[in-house]
Structures are given as structure tokens and as C-alpha cells.
Amino acid sequence: MNHLPQAWGRPRDDVYGAYDASYLQTSGPKQATQQPIVTGTSVIAMKFNEGVVIAADNLASYGALARFTDVKRLRVFLDSSVVGFSGDVSDMQYLDRHLNELAIDEAYDLETAATKDTSKPSGKLNAANLHKYLQKVLYKRRSDFDPLWNQILVAGFDAASKPFLASVDLRGTAFTSPSLATGFGAALAQPIMRNYAATEEDAARLTREEAVNVVKDCMKVLFYRDARSLDKYSIAVVTKDGVELKENEQLERQSWAFAERIKGYGTQTV
Amino acid sequence: MEFGKSGFLNEDGIHVDMDRLKNGEVNLGTSIMAITFKDGVILGADSRTTTGAYIANRVTDKLTRVHDTIWCCRSGSAADTQAVADIVQYQLGLFSMQSGKPPTTQTAASIFQEICYANKDRLSAGLIIAGWDERHGGQVYSIPLGGSLHKQPYAIGGSGSTYIYGFCDANWREGMEEADAVGFVKEALKEAIKWDGSSGGVIRMVVLTAKGADRHLYLPDTDYTVRHN
Amino acid sequence: MTSIGTGYDLANSIYSPDGRNFQVEYAVKAVENGGTSIGIRCKDGVVLAVEKVIASKLLKPNANKRIATVDRHLGIVYSGMIPDGRHLVDRARDEARNHRDTFKSPIPTRDLANRMGGYMQAYTLYQSVRPFGVTAILGGFDSDLEQPVDGEVGSGPSCGGGGKVEGQKHGGPWLAMIEPSGTYWGYYGAATGKGRQAAKAELEKLNLAAGEITIKEAVKEAARIIYIAHDDNKDKDFELEMSWISGSDGPTKGKHVEVPSDLLAEAEGLARKAIEKDLEGDDEEEKDKMEE
């Protein structure tokens, strides 16, 4: 018998063999992380002459189940930028809190409520800064094999006070364009938006009203053809005066009545 | 004596196959729900716990207290959800002692979410947090698998919930009287139990209001008509 | 201070035989040499103000801020050793951030005061450290509305949560002053630094506990009090820095921000006039006395 106190109460090596510590190994290949669970579908956005319009529906799906129908996926940052999230909702909430803390850090430089001179670029983080920051965050996480499962659009203004719109995805890939869309929107909405704003020059000629109408039309097409979409959506317009966000819009003027003329699937007429 | 790394439960009684333990885990394939009503919130659940097709416990209590008037409904792995609920109960107890005021439902939901989100790779836990506090009245939060947090007028969860989305959407009304609200929860859970093989047994409820927590119990042999307890 | 340390003032962790911690008392001395700071809690918000003595004409006007934002709804001003104050602000920001990370909501002002009190107290216990040479005034407005959890999605029933207890007030303005010993109390009006005696006398006249004064009036009172507390004869010129926090329906929308420059100028103008009037009044009084 082993009389050492360290061994008391433990299985005896002579009976059970030495303890196989391989069961306690903490190293070894790390598993590639997770999958999105509760998800939001497309975000779409396009520039116009004096700003950016961005939209996303209010649905968070659980697989094919339309589980949460009141999830607002456009988030305002510092009253001057809008971030649109598609992909995993828990990661969206993580990033939203993170950006909220970033905004508080900005407020450490005691700002004056009254001096809000919008003509010149302020010292605070603009949309271009924010987009670059998000890119770094997402790239860091993918490099840790623990990606934040989102594709994100950032709408606002750059340092030269020009309308800014850019995208970043879960790998940290970033790009910009006069119009952008994530998910199904990249296939369904982007071609429509390009009809109106193929180049920066085109976008600079679009009025706010035109841009809003194009985006609303795109939301309709997405509702027709994306099985993970909803007819309730949020839309935000970012201009130099700030952000106008509407979060409970209903798709209007849908086209369904033609179904009456569709009978059978070929030769049938009644 | 040879010990393979597969770790099958050997005659030594020590080496255990962890993967197998995970696979055979006790599951709360469940029907749970929580609703807001005129005076607060009501939580409801069935009582079936299964390992595969075997009913490991037929009188389970899936409604768990984390503070006086903040409770949660647990679905998913029994071990995971119990561990999480225990941690939150501890944290809320500490919070109320340190700050000298009872925690709000939001506080509880936040702590639950942080745990579920930070450990999303390791946990299988689908939780509904429901509580009453002086400032906010009755509130219901849902934390599904990925660890997101959703505020809702009412929430349903577990495998049985998929059968009652239609029932709940059609029959739900805001600001119900207590008797109507209890009736709504009972009828919804009866449907879930009827159609979901992983749900069954008794119906348990907890009513949370300014008056505190009030438990209800309904049994299948009286067709859930008589309130026991 | 009447007695000297006689050896009991050499370290924090040693009491004097009559139960005093001399290091803490010396720290209070450091505070008493600093520019005056005040805080006013009124019915719809909190005002913080500080007298910044201009040490050199080469300093850029309005550039060196002394009031710090800790979280959106929280501000701190302090008198005494400025680097100590800065460190304290850093710590306050960490505490506020920790609270947000854990509870997904802004820290209540009272809870932050508690944390800061605990932190400063720890610096009265050990050989290896010296107590903070500052007294800090902490002002905040805890939202009186129902606040969502940070990052919240979704909504409850449109009729609101059922069974709320009616007629209860939640949140509101809060003001606390934390001393080098770690002591903190909640106040309606708080003052520290060189001119604290005069400032406290003026604050008492305002009858703040009655809750009648508004935040806009308080800004003007705060400016006046700093001007009164400033000792013309002994000190060089000074700059007035002021910040305020109102509720969500007030001028700052629940945020701690600098008092806007036009209101600051107006308040300073009124303060100067009030001072001049006071001086004239004094002269008249003296004349009266002569006639007696």
C-alpha cells in the first residue's frame, strides 16, 4: 500500500495502471468554430447625391423558421453613420455593444452639445474610420479561427465629407461601391441598383427620393424571391444633417393579382 | 493491463469515453414558454426528460428560480442549463447583496446571455428568462442556441414549440387577465405535448407578479383540468 | 493641523496613538491647495464647475480640460493633484466599462461612487502607496426612462410590461463627493479645493434640497459661486470650465457634455456683475457703519 498522502483516495497504479493523462490534454487541433444559428438576411444600400440610403428587413430566422420578426438590423453610430448587419444575430449584438463602447470612448473628449458645425469634418469617427475598424476586428477574429459570422455594410461620410458606403465580411474582406448588397441581395438587388448607380458619377446625380424608391423596389424583389425575408423592414437615410431611421416600414404596392391568370402549369386553361 | 485511448468504460471503472457521454446526454426535448400578462409574467413547461427514446424523468421541473421573481425555462442539455442557471442564481444573489436592491429581469437576462454567447461552442442551451420587477413589470427574454438575446411579448421554445407557433400566434392577446393567461399557456402546452414525442407528463406553471411567485400544477390523468398545488 | 506626526506620519499603514492616519490628512492638505471645484444637483440635472487657475500665459485658452466624461451620463471634476485625478478618472472609466460588460447597462451613479470610494480607500492601507491627493465630485443622471439592454433586439408587448408599481420614481440626478480617505457622501451641493468654504456658504443659500432650481439656473449659480470663491488678491487669473447633465427631456438629452459656449459666456457675464455688485454693497455697508 502507498502511504503517501498524495495517493490517498486515488486508484492504485498497481491495480489500475498509471493514470492516462492524455485525457486531460488541452492542446491538439482547434476546431474551426461554429456556424450561424439565428440569422438575418440581406442588407442593401446605395449612394445618392448627398448621402446614402440603406435598408434591411426585420426578420431573424432560425434555420427556415421565421422565428423573430422584430429584429432591427440597422444600427446608428454617433448620429452620423449606419451599420447594417446580415448573418448571425448574436455576433451582431456583440458588435453593436462593442461599437456602443467605442462611441463612449469618443465621448471622453468632452463634446459641446451646441457646437455642431456640420460644414467641416469633425474630429469624431466617421463611417470610413468605422468601416476600417470593423475590418480589423473581423479579420482578427477570422485569424483566431473564431470568426464573427456577419457581412456588414457601413453607410455614412468619409473624411472629405463625401458619401461613403462599404462592405466587410466574416473573413475581413472589404470593398466599396456606389451600391452594395449582402446575401441574396448581391444577386437580386445589386443588378437593379446598378441600373441607376453603376458609377460614382451616376450616384452623384441621383436624388434622395430616387435612391429611396430604388431601394424600396429592391426590398420588394427580395421579399418575392428570398425565402428568408419579411415584408417588414427598416430603412435609413444618412445625410450631412444626420441619420433618419425608420424601423417599422411595411412593403407597399406588391404585385400578386396576376396570379389569377395563372392556371395549371402548361396546357390547362381552367 | 492495457488501456486504449478510445477510453471505453473499462473494467477499471475510470476510463470513460467522453464522446459517448456527450451523445448519451440527458436531453430536455421540451415544450417551454413564458408570456407577459396584465399583472406580470407566466412561465410554463411540460415535465418530460429523455435520453434518446427513453423517458429518464417523467416529472421534471424545468422552471428554475434564479431570484425571487426572476425565473427561467430550460431546454437543451439538462446538465448545461442547470450549470448555467446555478451560475446566474449565484451572480444575482451577489448582485442584490452588493447593490442592496433586487436585480431586474434585464440584469438576469444579460448575465444569462453573456454565458451562453461566450460558450456557444460548448453549450446546448435554449433558455427563456421571465421575471417581474417594480420598474419594468413583467418581461420575457429569449436566448436561443447561438446566444443572442431577444425581448419578446411572449416566447416559446424547445422541440415541442414548433407545433404551436400557429396556435400561439392566433390566440395570443396583449395584457390578458390572469385566468385567461393561464388558460392560454395550458392550451398551448397541451397541444405541444399532444404532437411532440419529446414532450409529455404534467404541466407546470409559475405566475410572477408583485405578490411573488405562485406555482401551478396540472396532471394528465385529469386532462389538465384540475389545479393541484 | 495642530499636532505634528511625530513619526506616525511616515507611512500609510501606521496609525498615530490617537487613531489618525496622517498620510490621509496630508492628502487633504494637497486638495485644499487646488483650484475650487463644485457640483450642484438640481431637480432636472447636475452641473459641475471648476476654477482653473492659469499657471502660465503660454497655456492655450480652453485647451486643458479638467472635467472628464466617465460614461455618457457621468462626469467627474476634482481638486488637488491633477495627475492623481486623471488616474482616478481612468479607473472610473474602467469601472463603468466593467459594469456595462457584465450587466449590459450603464452603471448607476451611486454604484460608481461606491466603487471609487472603495478604490481610494485601498490607497490608505498599504506602506507602498500614498493616498490620492484629490477630492472628486461625481455627477450623473441615471435614466428615468425604461432603458433597453445594450444591444437589445426585439420588443415586449406594446402595452408595456404588466404589473409595474405605479407612482415610483426611478433614476434621476445624483451627485457625490469622494475624499482621499475613500469617504463618500451624496450631496445636493458639493465643493472642494481652495475656495470651498465660500462656495459651500453660497451653495447652502440656494436651498437645493427643495428641488426648485433648474439646471439652467444652476449653471448661472455655479459660475457665480466659482467667481465668488476665487480669491482675486492671491491668485492669478482663472478660467471657468463647466459641464452639465440633464435627463433625456432636458438640454443635454441625458448626456454629460460641456456647457455650450454662449450659455457659459452669459453665465460668466452675470457672475462678474454679481461680484461687482457685492463689492459695491460691501462699500455701502462700511459707509453705514462709519455713520453709526
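Modeller: The structure holds one cavity of 30 Å³ or more. This is a predicted model, in which local features need pLDDT of at least 70 and side-chain atom pairs count only at pLDDT 80 or more, while totals for chains, interfaces and linings use all residues. Residues are numbered from 1 along each chain as its sequence is written, chains are lettered from A and ligands numbered from 1 in the order in which they are written, and side-chain values use heavy atoms, with hydrogens and water left out.

A cavity here is a set of points, on a 1 Å grid over the protein atoms alone, where a 1.4 Å probe fits but cannot get out. Grid points are joined across faces, edges and corners, and the volume is the space filled by probe spheres set on the points. The largest cavity has about 50 Å³ of space. Its lining (residues with an atom within 4 Å of a point) consists of T41(A), S42(A), D57(A), M219(A), L222(A), F223(A), D226(A), S229(A) and L230(A). Helix α7 of chain A, residues 208-225, contributes the most to this lining, with three residues. Helices are DSSP runs of H or I with at least four residues, strands are runs of E with at least two, and both are numbered from the N terminus. Sorted by class, the lining has four nonpolar, three polar and two charged residues. Ala, Val, Leu, Ile, Met, Phe, Trp, Tyr, Cys and Pro count as nonpolar, Asp, Glu, Lys and Arg as charged, and the others, Gly among them, as polar.

Next come the salt bridges (a side-chain nitrogen of Lys or Arg within 4 Å of a carboxyl oxygen of Asp or Glu). There are 40 of them over all chains. One joins E101(A) to R97(C), at 3.9 Å from N to O. This pair crosses between chains, from helix α2 of chain A (residues 89-107) to helix α2 of chain C (residues 82-103). E101(A) is buried, at 15% relative accessible area, and R97(C) is buried at 15%. Buried means under 20%, exposed over 50%, and partly exposed in between, with a 1.4 Å probe and protein chains only.

Within chain C, D18(C) and R20(C) form a salt bridge of 3.7 Å. D18(C) is exposed, at 52%, whereas R20(C) is partly exposed, at 21%. R130(C) and D84(C) form another, at 2.7 Å. R130(C) sits in the loop between α3 (109-122) and β5 (134-142), and D84(C) in helix α2, so the bridge ties together parts that are 46 residues apart in sequence. R130(C) is partly exposed, at 41%, and D84(C) is buried, at 10%. Shared partners also link E202(C), K205(C), E221(C) and R224(C) into one salt-bridge network.

R66(C) lies in the loop between β2 (45-53) and β3 (68-71) of chain C and is buried, at 10%. Leaving out residues up to four places away in sequence, R66(C) is in contact (heavy atoms within 4.5 Å) with residues including S37(C), V50(C), Y78(C) and E241(C).

Chain B has five helices and 14 strands, and 56% of its 229 residues count as buried.

Methods: On a 1 Å grid over the protein atoms alone, a cavity is a set of points where a 1.4 Å probe fits but cannot get out, and a pocket is an open set with protein on both sides within 12 Å along at least five of seven lines; lining residues have an atom within 4 Å of a point.
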